[in-house]
Amino acid sequence: MTGFTIEPARPLDAASCATILMGWVQENAWMPKLWTLPQAEAFLAGLITRGSVTALRDEAGQIAGFLDLHDGWINCLYLAPQARGQGQGKTLIAHAARLHPPGLHLWCFAENQAAVRFYTHAGFREVARTEGDNDEGLPDIQFYRPGREEI
């Protein structure tokens with residue numbers, strides 16, 4: 001993991017995490033634009049206050065990605081464009097697996113084919129689908145990755 005570190009997110013990280021999240025929303029034309037940057041920042045500040053957000057920092061100490069893991073559920077995993085394709089997503093998944101050894105769950109938009117491929121290659125398997133039972137109204141897939149004792 002050369003050049004990157006993982007640590008608990010701090011309250012001041014909410015703005016950087018929100019910028020990464022909203023940048024991803026803007027990159028994907030299929031994704032509804034439901035929130036403003038300040039709304040995303042307030043949402044992420046709440047998650048950080050809860051203590052469930054891990055920050056991925058680059059060599060300069062800037063946020064390059066983040067993971068929200070709560071009770072075995074990966075609720076958010078986003079990387080800044082410059083951190084993608086370098087194994088950092090796998091690093092965050094491995095970190096989540098260490099934090100929650102029994103196994104990991106997540107939902108992924110079916111349209112997000114890059115994420116579907118990523119999670120499948122990271123050992124997740126599909127366990128359910130919906131036709132849009134979420135705020136965005138988009139079809140999604142529930143994935144599960146067994147913990148060590150199930151492998």
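Contact means that heavy atoms lie within 4.5 Å. Keep that cut-off at hand for the exercises below. The model is predicted.

**Exercise 1. Check the span of helix H1 and find what its buried residues pack against.**

Step 1. Count. H1 runs over residues 14–27 and has 14 residues.

Step 2. Predict the span. The expected span is 1.5 Å times one less than the number of residues. For H1 that should give 20 Å.

Step 3. Compare. The end C-alpha atoms are 20 Å apart, which agrees.

Step 4. Pick out the buried residues. They are Ala14, Cys17, Ala18, Ile20, Leu21, Met22, Trp24 and Val25.

Step 5. Name the partners. The buried residues of H1 pack against helix H2 (37–50) and strands E3 (63–70), E4 (73–79) and E5 (103–109).

**Exercise 2. Do the span check for H3, and name its buried residues.**

Step 1. H3 has 12 residues, and 16 Å is expected at 1.5 Å a residue.

Step 2. From its first C-alpha to its last, H3 reaches 17 Å, close to that value.

Step 3. The buried residues of H3 are Gln88, Gly89, Thr91, Leu92, Ile93, His95, Ala96 and Ala97.

**Exercise 3. Describe the largest pocket and its lining.**

Step 1. Start with volume. The largest pocket has about 1,200 Å³.

Step 2. Go to the centre. The pocket is lined by 37 residues, and the closest to its centre are Trp24, Cys76, Leu77, Tyr78 and Asn112.

Step 3. Find the elements. H1, H2, E4, H3 (88–99), E5 and helix H4 (113–121) each give two or more residues to the lining. E4 gives the largest share, seven residues.

Step 4. Sort the lining by type. It divides into 21 nonpolar, 10 polar and six charged residues.

**Exercise 4. Describe two loop residues, Asp71 and Gly137.**

Step 1. Asp71 is in the loop between E3 and E4. Its phi is positive, about 55 degrees, although Asp71 is not a glycine.

Step 2. Exposed means over 50% relative accessible area. Asp71 has 62%, so Asp71 is exposed.

Step 3. Gly137 lies in the loop between strands E6 (125–130) and E7 (140–146). At 43% relative accessibility, Gly137 counts as partly exposed.

Step 4. Beyond its neighbours within four places in sequence, Gly137 is in contact with Glu131 and Gly132.

Step 5. Compare sequence with space. Gly137 and Met31 are 106 residues apart in sequence, yet 9.8 Å apart in space, C-alpha to C-alpha.

Definitions and conventions. Residues are numbered from 1 along each chain as its sequence is written. This is a predicted model: local features need pLDDT of at least 70, side-chain atom pairs count only at pLDDT 80 or more; totals for chains, interfaces and linings use all residues. Side-chain values use heavy atoms; hydrogens and water are left out. Helices (H or I, at least four residues) and strands (E, at least two) are DSSP runs, numbered from the N terminus. Buried means under 20% relative accessible area, exposed over 50%, partly exposed in between (1.4 Å probe, protein chains only). On a 1 Å grid over the protein atoms alone, a cavity is a set of points where a 1.4 Å probe fits but cannot get out, and a pocket is an open set with protein on both sides within 12 Å along at least five of seven lines; lining residues have an atom within 4 Å of a point. Grid points are joined across faces, edges and corners, and a volume is the space filled by probe spheres set on the points. Ala, Val, Leu, Ile, Met, Phe, Trp, Tyr, Cys and Pro count as nonpolar, Asp, Glu, Lys and Arg as charged, and the others, Gly among them, as polar.
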